[in-house]
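Colleague: I would like to go through this model with you, from the fold of one chain to its contact with the other.

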Amino acid sequence: MNKQINQKAWLFVLPVFILVAFNALIPLMTVVNYSVQETFGDNVFFWSGLLWFQEVLTSERFQNALIRQLIFTFSILAIEIPLGVAIALTMPRKGPWVPVCLVLMALPLLIPWNVVGAMWNIFALPDIGLLGYTLNALGFDYNFTSQPGDAWFTLILMDVWHWTSLVVLLAYAGLVSIPDAFYQAAKIDGAGSWAIFRHIQLPKMKRVLTIAVLLRFMDSFMIYTEVSVLTGGGPGNSTTLLSIDLVKIALGQFDLGPAAAMSLIYFLIILLLSWVFYTVMMRNEDQ
Amino acid sequence: MPQTKSWIVPTLYIFFLMLPIYWLVNMSFKTTNEILGGFSLYPKEFTLENYITIFTDPTWYTGYLNSLAYVGINTVLSVAVALPAAYAFSRYRFIGDKHLFFWLLTNRMAPPAVFALPFLQLYSAVGLFDTHIAVALAHTLFNIPLAVWILEGFMSGVPKELDETAYVDGHPFWSFFIKIFIPTIAAGIGVAAFFCFMFSWVELLLAKTLTSVDAKPIAATMTRTASTSGYELGLLAAAGTLTIIPGAFVIYFVRNYIAKGFALGRV
C-alpha cells in the first residue's frame, strides 16, 4: 500500500510514545546509571567504569546461567516447533470440533504463570502427584526436587505443555489459509503426503513459523515465574536460568551494580537476536 | 487435506494438556488430610471447604478483585492508545516511523526481570507503589507494543478507499475514525484486547514487585500461602483452579476471532 507522507501522524503516536518511554527509558537509564557506579551505602555513589561488566562477563556464575539458558531455549524450540506443526497438520479443518480443539488447546496459554508452576509442582510430586507417582510406580527413580536430571525433565515437559499450543495455533492458521485449489493441483500431479507437506504446506507456513520461533525464543529466554515456582532454580543451581539468577542478585541481595550490568548484557543479547529475527522476518515479507 | 484417522494425534495432545489441570482440580476438592494421606486418583472425601475459605476470607478474594482491576485498566488503556498509533503506522509515512516501530517491539522483548528493580524505584518515586494503576501502567510496557502490532496488521487489511470515500462524503476525521473505521476492525480490537488481557493476567513478577497489600494480585497471595502456612495444597489448588476460569471465559467468547488474529501472524 502506498503510504502518504504526513508528519502530523506523530500526534497519533504521541500517547503511545509517552507511555512506553516513561516505562522503558527511565528504568533503562536507572539501570545504566547503577551499572557504572559503586556504592558503600547511604546513597553515596562512585564512578566505577566498566568494572561491573568485566566482573559479570568473567564470572563463572553468569556463564553457567547463560549456558543453562541456551540449553533450555534450544531444547524447547527443538521439541515444540516440530510437535506443534505435526499437531496442526492433523487437526480437523472444518466442522464442529474445530472450536472445541482451539478452546481446549489455548487453555494452558491463559493460566497465570505461577499457577502453571504450582500446578506442575503438585502434578510431579513423587509421592502424591500423578506424574511423579506413575513414574515411580513404573520403576523409575524420579524426584524432581532432589535430582537435577529429573528437574530438567519436568521443566522441559512443563514448557512443552504450556507453550506448544501457541505453535499449533500459529501453524494451524497458516494451514487454513492455503486454498483448496493447491491440494487439487497436487492430487492431479500425484503428489504424496510428504511432497504436499514439503512443497505446499511448509512454504505457506514459513511466515507464521518464523513468528512462532521468534516468540518462543524470546519468551523462553525471559522465563522466570514458572521455573521459580516449580524448582526455585534448584536442586542446587541446576535449573538457575538467567532471569532467576538476575532476580536473586537484584531483589534478593540488592547488589545493584552487578545486577544492573547483568541486566544490560542480558537485554543486549535478546535485543541483538530480536534484531536478527526482525530483519529476516521483514525480508520474508518483502518477497 | 487428506484426513485419515488423524483425530488420534489432537486427541492425545488434548488429553496430555488436560492431565495436570485435572490433577489441580482433583486436589482442590480434597481435604488436607486426604492429600497428605497418600495417592488417590479422585477425591474420596469430597469437600468444598477450600473454595468456601477462598470466598469468605478477604485476603483471598480481594486478590482476585485486584488482579481483575489492574488487568481491566491495562487492557482498556493499551487498546485505547494503540488505536490511533496503529492507524498512523498503517496509513502514513513519517520521520522515524520504522525506528519507532522497531523500538516499540523491542519492549515486547524486554525481560521483566530486568525491569523489576527499576520499576520498583520509579513507581515508588512517583507515589504509585501498591496501586492498581502502577501495575496497569507497568504492564503497558509489553502490551502496548503488542496491541499496536496486532491492530496495525488488521488496519493494513482495510483498503484505503474506505478512508478516502469518507473524506469525500464530508466526514470529519474523528467522526470517520469512531463511527466507521473502528466498527470495521472490531475483530482486530477483540483480538488485541484478548492478548492484552492474557499477558496482563498471566504476568506475576512485575505485579508482585509493584504491590504489597492494597493491590496484591491473587497469584502473589498464592505464593505467600505456599511458603508461610505450610503445606496447604488443597487451598492452593482451589485458588489455582479459580484463576483458570476467567481465561477460559475470555477464550470462549473470542474463539472465532483468535484464528483470524493468528492468521494475520501478528501475535
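Modeller: Two residues are in contact if their C-beta atoms, placed from the backbone, lie within 7 Å. Keep in mind that this is a predicted model.

Colleague: What share of the contacts in chain A with a separation of 6 or more comes from residues 24 or more positions apart?

Modeller: Chain A holds 12 helices and three strands, and 41% of its 287 residues count as buried. Among contacts with a separation of 6 or more, the share from residues 24 or more positions apart is 71%.

Colleague: At roughly what angle do helix α3 and helix α9 of chain A cross?

Modeller: Two packed helices are described by the angle between their axes and the distance between the axes. Here α3(A), residues 60–90, and α9(A), residues 193–222, have axes that come within 10 Å. The crossing is right-handed, and its angle is roughly 145°.

Colleague: How many residues in the contact of α3(A) with α9(A) are nonpolar?

Modeller: On α3(A) the residues include A:F72, A:I76 and A:E80, and on α9(A) they include A:V213, A:R216 and A:F217. By class, two residues of this contact are charged and four are polar, while the nonpolar ones number eight.

Colleague: Which residue is the bridge partner of A:I5 in β1(B)?

Modeller: The contact between the chains takes 79 residues from chain A and 81 from chain B. On the chain B side, 65 are nonpolar, 12 polar and four charged. Strand β1 of chain A, residues 4–5, runs parallel to strand β1 of chain B, residues 92–93, with two bridges joining them. In β1(B), the partner of A:I5 is B:R93.

Terms used: Residues numbered from 1 in each chain as written. Chains lettered and ligands numbered in written order. Predicted model: local features only at pLDDT ≥ 70, side-chain atom pairs only at ≥ 80, totals over all residues. Helix = DSSP H or I, 4+ residues; strand = E, 2+ residues; numbered from the N terminus. Buried ≥ 20, exposed ≤ 12 C-beta atoms within 10 Å, placed from the backbone. Axes fitted to C-alpha atoms, helices over the stretch in contact; angles between N-to-C directions. Left-handed = near helix turned anticlockwise from the far one by under 90°. Nonpolar A, V, L, I, M, F, W, Y, C, P; charged D, E, K, R; others polar. Pairing = 2+ DSSP bridges.
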